[in-house]
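The sequence and model follow.

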Amino acid sequence: MPFARLATATTPTSHIGLGLAAVGRPGYINLGRDSDLGDDRTVEALRTRTHELLDAAYFQGVRYFDVARSYGRSEEFLADWLNRTPGRNDVVIGSKWGYTYTAGWTTDAEKHEVKDHSVRTYDRQRAETAELLGDHLDLYQIHSVTPDSPALTDKDLHARLAEAAAEGTTIGFSTSGPAQADAIRAALEVTVDGEPLFRTVQSTYNALETSAAPALAEAHDAGLTVIVKEGMANGRLAAPHAPDALKAVAEETSLGCDSVALALVLRQPWAGVVLSGAATTSQLASNLHAAVVDLDEGQLSRLAQLAEEPQAYWQRRGQLPWH
């Protein structure tokens, strides 16, 4: 398991990873994106921004980096950085397949990505990822598995993924939608030749969306590494959009709303890696302060009141515009 490399890290930020969804393409659904990125969203501008973030994250102790085929040119940007800075054998690299980026480097495309969990798409995207990341790739995840995904029942796909696992690539999956818990539990039952196929799970969990917690605890107990995405709820938990209760706790800790929101996730006993989706180095620095936030029982109780019904949370997320 490549995540064993993270176990040897001693920095406070070793359980925080950096996801490149927000900087690998010009359009995304995060709130505040206009001010974060500004008007210059050329390939080279975002390549430079990505490399600055990767440098800052690495020097501040972050060792897990997460990309996907559908995150625009995120794999390319990450590969450039890895090849420019050889010898960093302590990092863990994860990517995802199952969505194809279709926006053509615009922010107003009718569709920004198309989902397909077929063997054909896996074979095509695995070759594309291999061309860019090569031996750097440690973890390959099925992108956004839902309970009705054919990826949960396709034996040919499972065999193909098991072949990749036998060659040394860890196989995982990510989830999305209001039935994340059902998807996680179904994936835990997938085996090839009597052995569990998946070794990691990446799910949405934050102060507003907590429904996957019991299933993630079960996954952790089954030996999977749990990666948490969208800990900031696509910017809904960042100032100035944060709920009043979160703003109050942040003021009490003298840190940002983002630090408190991510600290809430980090304290979950099943959380192996919590992703920062920072788009600027200042956001990243603030996110990393989550590693030193200490929340008392009263503050935790107040923050627990923020949780929304999963259907309502995901409906609102689905309405966020691509900026």
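Where is Asn-234 found? Asn-234 is in the loop between β11 and α9; helices (H or I, at least four residues) and strands (E, at least two) are DSSP runs, numbered from the N terminus. The model is predicted, so local features need pLDDT of at least 70 and side-chain atom pairs count only at pLDDT 80 or more, while totals for chains, interfaces and linings use all residues. Residues are numbered from 1 along each chain as its sequence is written, and side-chain values use heavy atoms, with hydrogens and water left out.

Asn-234 has a relative accessible area of 4% and is buried; buried means under 20% relative accessible area, exposed over 50%, and partly exposed in between (1.4 Å probe, protein chains only). Most residues other than glycine have a negative phi, and most peptide bonds are trans. Phi of Asn-234 is positive, near 55 degrees. Pro-240 lies in the loop between β11 and α9, and a cis peptide bond with omega of about 10 degrees joins Ala-239 to Pro-240.

Glu-230 is also placed in the loop between β11 (225–229) and α9 (244–253). Glu-230 counts as buried, at 15% relative accessibility. Its side chain makes polar contacts, which are pairs of N or O atoms within 3.5 Å; within protein, one must be able to donate a hydrogen and the other to accept it, and residues adjacent in sequence count only if both atoms are side-chain atoms. The two partners below are reached through their side chains.

| Side chain | Partner side chain | Polar contact |
|---|---|---|
| Glu-230 | Thr-204 | 3.0 Å |
| Glu-230 | Arg-317 | 2.6 Å |

Not counting residues up to four places away in sequence, Glu-230 touches Tyr-28, Tyr-205, Asn-206, Tyr-313 and Trp-314, among others; contact means heavy atoms within 4.5 Å.

**Helix α9**

Which residues of α9 are buried? They are Leu-246, Val-249, Ala-250 and Thr-253. These residues cover an arc of only 100 degrees around the axis, so they lie on the same side of α9; the arc is that of the directions from the helix axis to the C-beta atoms. Asp-244 and Glu-251, on the other side of α9, are exposed. The buried residues of α9 pack against α10 (257–266) and α12 (297–304). Ser-254 follows α9 and has a positive phi, near 60 degrees.

**Core and aromatic residues**

The largest nonpolar core has 93 residues, and Leu-18, Phe-65, Leu-78, Phe-173, Phe-198 and Leu-246 touch the most other members. Such a core is a set of buried Ala, Val, Leu, Ile, Met, Phe, Trp, Tyr and Cys residues joined through side-chain atoms within 4.5 Å.

Tyr-58, Phe-59, Phe-65 and Trp-81 form one aromatic cluster. Rings of Phe, Tyr and Trp (its six-membered ring) pair if their centres lie within 6.5 Å; planes under 30 degrees apart count as stacked, over 60 as edge-to-face and the rest as tilted. The structure holds 11 aromatic pairs. One of them, Tyr-58 with Phe-59, is edge-to-face, at 6.0 Å centre to centre and 80 degrees between the planes. Tyr-58 is buried at 13% relative accessible area, whereas Phe-59 is exposed at 61%.
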